[in-house]
Amino acid sequence: MKQQRYDVVIVGGGAAGLSGALTLARARRSVLVIDAGEPRNAPASHVHNYLGRESTPPGELLAIGRGEAAGYGAEIVEGRVASAERLSGDGGGERGFRVVTEDGRSVEARRLLVTTGLVDELPPVPGLAERWGREVLHCPYCHGHEVADRPIGVLATGPLAVHQALMWRQWSEDVTLFRHAGPEPSDEEYEELAARGVAVVDGEVTGLEVADDRFTGVRLASGRVIAREALVVQARFTARSAVLESLGLKAVAQEMGGVVIGSYVPADPTGATEVPGVWAAGNVTRLTEQVIGAAAAGLMAGGAINGDLIAEDTRDAVAARRRG
């Protein structure tokens, strides 16, 4: 941290954070990005649906983004932010926020942009975590093309499993729904699955079969193994909300089809939260956003923050003029 006070401190250096940093640095703002170095998509081999950067490895995309933001003067440091607090500004003191890292460093900012993302909480089946982002998948738009026409399994853990199976059927004719811990499909759902040629297998899934570092099948409690080359799961998307919660913002439940799929911190379309001066962008506030959407949200938040700072600069200039 080259200075003690910045126009904007950005917590999180993924697509949303770096996009916000680029936008603000180009607006000639002093910007500090503090990044813990734990991107959500690190297990994935490539980023998809990012126009102009299709199939770029996640690490390469971040390196490009860091270079672009730094090229306009943004400072990027490694660290984990423990908390943030509002500065009182009483008695003519500085307004804004103090950000404290876990190793005890602190820095001040006029505005905050929090882009800490989310954590994918996987079902408790042995072997899932080790194959996550490789053959264990959740988003067909992120990974469907890469496993097209292969045998795909869908692990049922909740009411959305039938919906998942019918979606993934778009990419393969060989889709099997493993009932596992999910509810019994309704008669209508069974008919829909049958009509699309989706097989349904009862019984608990107890593990994954792996050979030569490649997922080869699903193992049931009965000992039966069913060959598959990809397995779809429903992860719980939990916002990394600790920094925002230290400022009084609370994560709330996100529902889809009446089912809770995770938690997020509410923000308006520009990323502004209920705490003045604090913005959020990316998966911490929009759970289902893909990388390109997170980058767009960072741009939107960066523009809104710059506009807010311009308004404050103008108020301060008018007050100074009246005093002088």
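How many disulfides does the structure hold? The count is zero. The model is a predicted one.

Eight of the nine residues in β6 are buried, which leaves the strand mostly covered. Several strands pair with β6. Strand β5 (residues 96-101) is antiparallel to β6, with four bridges, and here F97 faces A109. The hairpin formed by β5 and β6 has four residues between the strands, and G104 in this hairpin adopts a positive phi near 95 degrees. Strand β19 (residues 278-280) is parallel to β6 and is joined to β6 by three bridges; V278 of β19 is the bridge partner of L112.

Elsewhere, D213 lies in the loop that links β12 (205-210) to β13 (215-220). Which residues does D213 contact, leaving aside its neighbours within four places in sequence? They are R131, R134 and E135. With R134 there is also a polar contact, side chain to side chain, at 2.8 Å. D213 and G277 are separated by 64 residues in sequence, and their C-alpha atoms are 48 Å apart in space.

Key: Residues numbered from 1 in each chain as written. Predicted model: local features only at pLDDT ≥ 70, side-chain atom pairs only at ≥ 80, totals over all residues. Heavy atoms only, no water. Disulfide = S-S within 2.5 Å. Helix = DSSP H or I, 4+ residues; strand = E, 2+ residues; numbered from the N terminus. Contact = heavy atoms within 4.5 Å. Polar contact = N/O pair within 3.5 Å; in protein donor to acceptor, adjacent residues only side chain to side chain. Buried < 20%, exposed > 50% of the residue type's maximum accessible area, 1.4 Å probe, protein only. Pairing = 2+ DSSP bridges.
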